[in-house]
Every structure is written in structure tokens, then in C-alpha cells.
Amino acid sequence: MRIALLAMVVLGCGDNRNPFDEITMDTFDEPPVSITVTRQSVPLAGIPVVFHRDDGTLVESITTDARGRAAAKPGPNGFVTAITDFAATRDLKTFLGVQPGDELTLDGAPNLTTPMMTYKVLVTPVAGAVFYRVSVRCLVGTGEQVPVGTNPVELSVTTRCLAPTETLVVALDGFGFPIESVLGAEATPTENGVVDLTNEVPVTAETATLMLSNVGSNATLESARAIGRTQFLAKPEQQVANGSHPTVFPDLAGASQTVAVTGARPVFVWGPAEPQTQLDVAAAQVEAVTELLFDRSLRTVSWSGGADGNFVFGQLVVEAPTSGLWSFVGPGGSAITLPALDAFPINAATRIELELGVGRVSGSVVDDLRRDGGWLDANNGLQARQRTMFTFQSLAAFGTLGLAFATTNLTF
């Protein structure tokens, strides 16, 4: 199947020229663009990858090697597209505006075909604890658990996550506030296995105060802290307004802190964990997208509004005799152009759904984001890809930048 898809991509570009015909001395000096494709950190070989220049010229069409890696030289502002098997349908993922030397990553999330597993986490009992909460990557609904008076305390985790993960156990009092926590080093869970945290040194809780101003109506607040790609949610708060909002977190060294304020125009901010943060919600919002257009023949997506955004991601979902999904991510503006790939059945579509996210981030973080394929994994869904952003810790100051999203569905 992958071979057939690759053949379609090569033939569909309508360019029979040898990609080496246009090689110049500058080409040899230019560092390559690489992409590494994995599923839950396991390298995937044989994934078709297509490289285009910024004008749509085909540069190379190859497959990933045993390390899950492919590389070529598409030049500044080129395109890199991987044809994966992450989704149930034909699944294309395109990085827009790639630059020489970029190292792109694409890691497939668990889906319904990934088997569930259950294992135990052991911790030393905490005085005064009524509940315990476990956090890992890819967590599936373990929730807060009441221990059965054992020493050590045995907690059950059910997840589809096969990747290495840190494990955080938070001991909660009767009101649901943390007393102390233990954090285990990164490890790969196994079915019916045991993660023993009884020898880990516990950490105390910290009250982090968020000062909100210019909050819109019907807004809610969700705060979290993250270590690497493992996110640890605080107790959700509902219906927030202007003023002080104290939140109790595990006091984790090196953690990043995220704040999501929902509403008509959501705001997401992230950065180093701080005991006190001020956030002007209105100032952090990006202008709403008011019109969204898609031209099939030119493969262009354009929009009105969102003028103060500099980062974009989205996807096309096609219903046709052969359906498919095409996700994209890259620098923002007012329009993007997707490369010519007949592996995606645009012209045969009976229905097309277009989804777009526009955000504003600092220049350095834009580079981080456009190289992170977490925004392209359809199995994560739009909300999860928004949260992928939360793991970045490269901001100099927390609370000064925001990200807002507008989505529109169109039927053709």
C-alpha cells in the first residue's frame, strides 16, 4: 500500500525532470532538511516522504530509513510531506515554510488499534491523604483513586501509551488539594507491570496565584504544569472572572506552567512555572478569523482576520470514493499554499471539511512549533494539538504571550 501511494505522489506532481538537474554550488552548501517519523518514540521505516521547493517543484520522493529518518534539500520556505498510516484513512502531513537545517519530528499518538494496558503504581502512604491522582502520557481516565489501606499504596493505571513516560502521583486531602507528590523517572509501562515510586523523594505542594484582567463573559480557567511532554493538570476551575485565582500544584523543579482561558476566543499561555503570574486576557487574544476559503484547483487556504497571528495549523478532511486527511502546520499570514500531491483525493471529493487554527507566538517559539509534528497528528485531535504547544519551555517570560484559535467548517 505504501509503495502504491508513493507512486501516486511521484506521478501526481507532473514533473518528470530529474531533481538533480537544477543542482548548483549553493545546493551543496545548503544544510539538508530532515524528518524523523516515529510512533510513540519507535522509529518507522518505509514511510513515504516528499520534499518540494517553495514554488512547488518536486525535489525528492523517498522513504524513511531504519531510524525513521529521511532528508533532502528543498531550500528556504519549502514543503515536507509524510504519508503516514497513523489514521484509518489516507493520511498526509505537511510542514510549511521549512528552512535549511530544520530537523522535523512526527510522532504518532495511540489510536483505537493500540492495545489498552493496565499496570500498578506503588507509593508510600501520605498522612492525611484521602485520594491519589496518577498522571502519565496518554492517560485514559484513571481519575482520583481511594487507596485500600495498603502499604505501599497500590494505584491502577489504564492507558494506551506505549512510549516512555514520567509518572506523577499526587496525594490529595478531602477537599481535593495536593498534600505532596512523588515523580518517577521516565520509563516504558508494560502490561501487568509495576512502577515502584516508594523510594522517590516526595515534593510539597505550591500555591501558584494567577491574576486575570479583562476576562470575557462565560470564561473558564484550566492550569497545568508539564515535565517534558507529560502534562499534570491542576484541579479544574470553572467560570473565572477578573481577579486572583490561586491554584495548588506539585512543586516540580524545571516544570513549565500553562494557562488556558476558554471563551469565544480562547487564550493559551505557557512558560516557566512561577508562584505568581499576571495575564491580560484581552491583550493576549488574536484577532478572530472571520472568513475561511479553500481553492481546490490552486490548493490555497486563505482567511480574513487573524492579522496579528504568525502561526497556523489545520487540516482538510475529504469524503470521496477514497477519503483522506491532510494536516498542515507552519508560519502564519493570510494564506497558505499546499504542494501538489495526487495521493490526496481533492478533485474527487464529494465533501471537504476545512479546519484552521491561527495563533501569535514569539519568533523563537514559531521555529519550535513549526518543526513539531504533534500539531499534525489527527489522532490527537485539535484540542490535543493545542496542548502540544504547552510543552515548550523556551520563553524568557511567562504571561506575556498568548495564542487564540478560530475554527470554521466548510462543506463543498
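**Charged pairs and nonpolar packing**

Modeller: Arg371 is partly exposed, at 24% relative accessibility. Keep in mind that this is a predicted model. The partner of Arg371 is Asp102: the two form a salt bridge in which the closest N and O atoms are 3.6 Å apart. Arg371 sits in the loop between helix 4 (363-370) and helix 5 (381-388), while Asp102 sits in the loop between strand 7 (90-98) and strand 8 (103-108), so the bridge ties together parts that are 269 residues apart in sequence. Asp102 counts as buried because its relative accessibility is 4%, and the cut-off for buried is under 20%.

In general, side chains of opposite charge can pair when their charged atoms come close. The structure holds 6 salt bridges. One of them joins Asp91 and Lys93, with 3.1 Å from N to O. What is the surface exposure of Asp91, buried or exposed? Asp91 is buried, at 1% relative accessibility, and Lys93 is buried as well, at 0%. Another bridge links Arg67 to Asp65, with the closest N and O atoms 3.1 Å apart. Here Arg67 is exposed, with a relative accessible area of 53%, and Asp65 is partly exposed, at 28%. Salt bridges also link Glu319, Arg351 and Glu353 into a network.

Leaving aside residues up to four places away in sequence, Leu316 touches Glu353, and its other contacts are Phe294, Gly324, Leu325, Trp326, Leu338, Phe344, Ile352 and Leu354. Leu316 is also among the residues with the most contacts inside the largest nonpolar core, together with Trp303, Trp326 and Ile336. That core has 29 residues. Several strands give two or more residues to this core, including strand 6 (78-84), strand 24 (289-295), strand 25 (300-305), strand 26 (311-319) and strand 27 (324-331). Strand 29 (351-359) gives the largest share, 4 residues. Apart from this core lies another one of 26 residues, among them Ile47, Phe51, Ala70 and Phe313. In soluble globular proteins, nonpolar side chains tend to be buried together.

One is formed by Phe311 and Phe313, which are tilted, with 6.4 Å from centre to centre and 40 degrees between the planes. The pair counts as tilted because its angle of 40 degrees falls between the limits of 30 and 60 degrees. Phe311 has a relative accessible area of 0% and is buried; Phe313 is buried too, at 0%.

The other member is Ala70, in strand 5 (residues 69-72). Among the residues involved, Ser34 has Ala71 of strand 5 as its bridge partner.

Notes. Residues are numbered from 1 along each chain as its sequence is written. This is a predicted model: local features need pLDDT of at least 70, side-chain atom pairs count only at pLDDT 80 or more; totals for chains, interfaces and linings use all residues. Side-chain values use heavy atoms; hydrogens and water are left out. A salt bridge is a side-chain nitrogen of Lys or Arg within 4 Å of a carboxyl oxygen of Asp or Glu. Buried means under 20% relative accessible area, exposed over 50%, partly exposed in between (1.4 Å probe, protein chains only). Rings of Phe, Tyr and Trp (its six-membered ring) pair if their centres lie within 6.5 Å; planes under 30 degrees apart count as stacked, over 60 as edge-to-face and the rest as tilted. A nonpolar core is a set of buried Ala, Val, Leu, Ile, Met, Phe, Trp, Tyr and Cys residues joined through side-chain atoms within 4.5 Å. Contact means heavy atoms within 4.5 Å. Two strands pair if DSSP finds at least two bridges between them.
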